[in-house]
Amino acid sequence: MKNAPSLNHKGLIRITSRMGGFGATALLSGLINVATIPVVVASVGANAWASIAAGQAVGIIGSILIHLGWGITGPAEIAATANDLARKHIYRESIAFRAVIVPPILVLVSFICWNIVPPAYSIAAAVAGIGSALLGLTAAWYFVGKGDPVGLMKLDTLPRILPTVAGAALLLIYPHEIVFSLAIVVSSIMPLLMASRAISVGAKGSSYVSYLTMARARKLLHSHASGLVASIVSQAYRYLPLILVTAIRPDQAVAYALIDRIIKFAEAAVKPLSQGLQSWIPTAGPSYLTSRVRNAMRVASLGGLAAFLFFLLLGPFASSILGNDSIEISANQYLPAALAIGLTVVTQMGMLGLLALGHRSSVALSVCVGGGLGLGILWPAVTWTGATGGLYCLVLAEAAVLVFQVAVLRRDFTVRRRRRT
C-alpha cells in the first residue's frame, strides 16, 4: 500500500496558484461590497442602507432555497466529473430543476422584506431582497468545482460587481435608495445570463427543459437534500440575527448591519482558501483522500486564526471608515464577531472534508445541531441583549458544528486506518 502523499512543494504550488486565482475574484467582490457602504450611507442615510442590508439578508436565505444544495454538493460533483460535456449537462439540469421554484420564493422574500423594515424603505428592501434571492441561480459553484477561476471572474464576479459599482455611482447623481436596490437585481441577473450562455456552448439538447424529467427531478432532489438542509440551516443562523435585530431591536439594526457586513468581508478574504481546496480534495482518488482532508483542515485552522486576528485588530478601524463615523458599534461586539468568523473558516473546510469522504448526511446533521443550538436561543438573546446576543448565538452555533465535524472526521480516519492494517 502506498503512503498517502503529504502537502509537498509541488502540491503547495498548485494549491497556491488555484487559490490565487479564486482569491482575486473573492477579494474583488468583497472589496466592492464594503467600498459601496460609505457611498450608500452618505447618499441615502444609515437607516436606508441598513434596511437594504436587512432585505439582502432575507434574500440570501431565499437564495439558499433556490440553490437547493448545489452550492455545497455541486462543486464536488463537478470536480469528480472529468468529461466537460457531462459537466455542462449537470449545470443545465440544475437550472431547469430549480427555475420552477423561483417565482414563489421571490414573492415570499419580498413580503417578508416589506414587513420588517420601516415603511419608508419597504420598496427598496423588497427589491434588494429579490436581487439577493436570485443569487441562488449563480454559476459560481460550477466554476469552483471545475477549478476555473478565470471563468468565475469573467462570467460571474465581474458581471456581478459592475452593476453594483454603477448603482453606487448613480447614487451620487440621484440619491434614492431604490437606485441601489435595482443595481442589486441587475447584479444577479447579468452573471446568470452570461454564464449560462457560455456554459451552454457545445452542450447537447435543444433547451434546458429537455434535460429534466419527473423521475430525474426526484432523484436530483434526493441526492442534493443533505446539501439543501445544510445550506438552509447554516445560512439561517448566520442571517437571521440581522433580520431579527431589524424587526425586534431596530435601534441596533444599523450597527449590526455594519458589523455583519464586515464579517462577510472577512469571509470573502479567506474564501480563496476553501475554493482552492474544494476543487483539489476530490481529485486525489480514494487512496489519498484522508491525507488531503487532514492537510486541508490544518490549513483551514491557520486561516481561521488569521481571520480571527484580522477582525479583532482591524474591526474597529474598518467600522469607523465604512460607517463615515456616523454608526456607533459597541466594543463588546468585536470579540464574538471575531470568534464567529474564525470558527466559520474552519467549519467550512470541515464541511468540504465530510463531503469528500462521503458523509453528506453528517454535513446536514452537523449544521442542524449547531443551528438548532444557535437558533434555539436567538429570539430571547436578541430581545434581551440586542446585537451582542445575536453575535454570541452565531459563535455558539459555529462551535457546535465544529465539534460535531471533528468527531465524525476522527471516527472516519480511525476506520480507514484500521482497514489498511
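A residue is called buried here when its relative accessible area is under 20%, exposed when that area is over 50%, and partly exposed in between, with a 1.4 Å probe and protein chains only. By that criterion, buried residues make up 57% of the 421 residues in the protein chain. The structure is a predicted model, in which local features need pLDDT of at least 70 and side-chain atom pairs count only at pLDDT 80 or more, while totals for chains, interfaces and linings use all residues. Residues are numbered from 1 along each chain as its sequence is written, and side-chain values use heavy atoms, with hydrogens and water left out.

The confidence of the prediction is expressed as pLDDT, the predictor's confidence in each residue on a scale from 0 to 100. Its mean over the protein chain is 83, and 83% of the residues reach 70 or more. Among the elements of the chain, helix 6 (residues 122–133) has the highest mean pLDDT, at 97, whereas helix 10 (residues 214–223) has the lowest, at 62. Over residues 1–7 the pLDDT stays under 50, and for this segment the model has 16 contacts beyond four places in sequence, a contact meaning heavy atoms within 4.5 Å. Where pLDDT is low, the predicted coordinates should not be read in detail.

The secondary structure of the chain comes to 17 helices and zero strands; helices (H or I, at least four residues) and strands (E, at least two) are DSSP runs, numbered from the N terminus. Among contacts between residues at least 6 apart in sequence, 85% join residues at least 24 apart. The accessible surface of the chain comes to about 17900 Å², of which 68% belongs to carbon and sulfur atoms; accessible areas come from the Shrake-Rupley method with a 1.4 Å probe, and for residues only the protein chains shown count as cover.

On that surface, L305, L309, F310, L312, L313, L314, L335, L339 and Y392 form a nonpolar patch with about 780 Å² of accessible area together. Patches are made of residues with over 30% relative accessible area and no salt bridge, like charges being joined within 9 Å and nonpolar side chains (Val, Leu, Ile, Met, Phe, Trp, Tyr) within 5 Å. Helix 13 (289–322) and helix 14 (334–356) each supply at least two residues of this patch, and helix 13 gives the most, with six residues.

Leaving aside residues up to four places away in sequence, T290 touches L357, F413 and R416. In the loop between helix 13 and helix 14 lies I327, a residue that is buried because its relative accessible area is 10%. With the same exclusion of sequence neighbours up to four places away, I327 touches A46, W49, V254, A255 and L258. The C-alpha atoms of I327 and Q252, 75 residues apart along the chain, are separated by 9.9 Å.

Turning to charged side chains, the structure holds five salt bridges, a salt bridge being a side-chain nitrogen of Lys or Arg within 4 Å of a carboxyl oxygen of Asp or Glu. D84 forms one of them with K88, the closest N and O atoms being 3.9 Å apart; both residues lie in helix 4, four residues apart, about one turn of the helix. K88 is buried because its relative accessible area is 11%, whereas D84 counts as partly exposed because its relative accessibility is 32%. D84 also meets the side chain of K146 in a salt bridge of 3.6 Å, N to O. This pair links distant parts of the chain, with K146 in helix 7 (residues 140–146) and D84 in helix 4, 62 residues apart. K146 is partly exposed because its relative accessible area is 32%. Salt bridges that share partners join D84, K88 and K146 into one network.

Another salt bridge joins the side chains of R249 and D251 at 3.7 Å, N to O, and D251 counts as exposed because its relative accessibility is 60%. R98, by contrast, which lies in helix 4 (residues 84–99), is buried yet has no salt bridge, the nearest side chain of opposite charge being E93, 9.9 Å away. For such assignments Lys and Arg count as positive and Asp and Glu as negative, while His and the chain ends are not counted. Beyond four places in sequence, R98 touches I66, H67, L68, W70, G136, L137 and W141.
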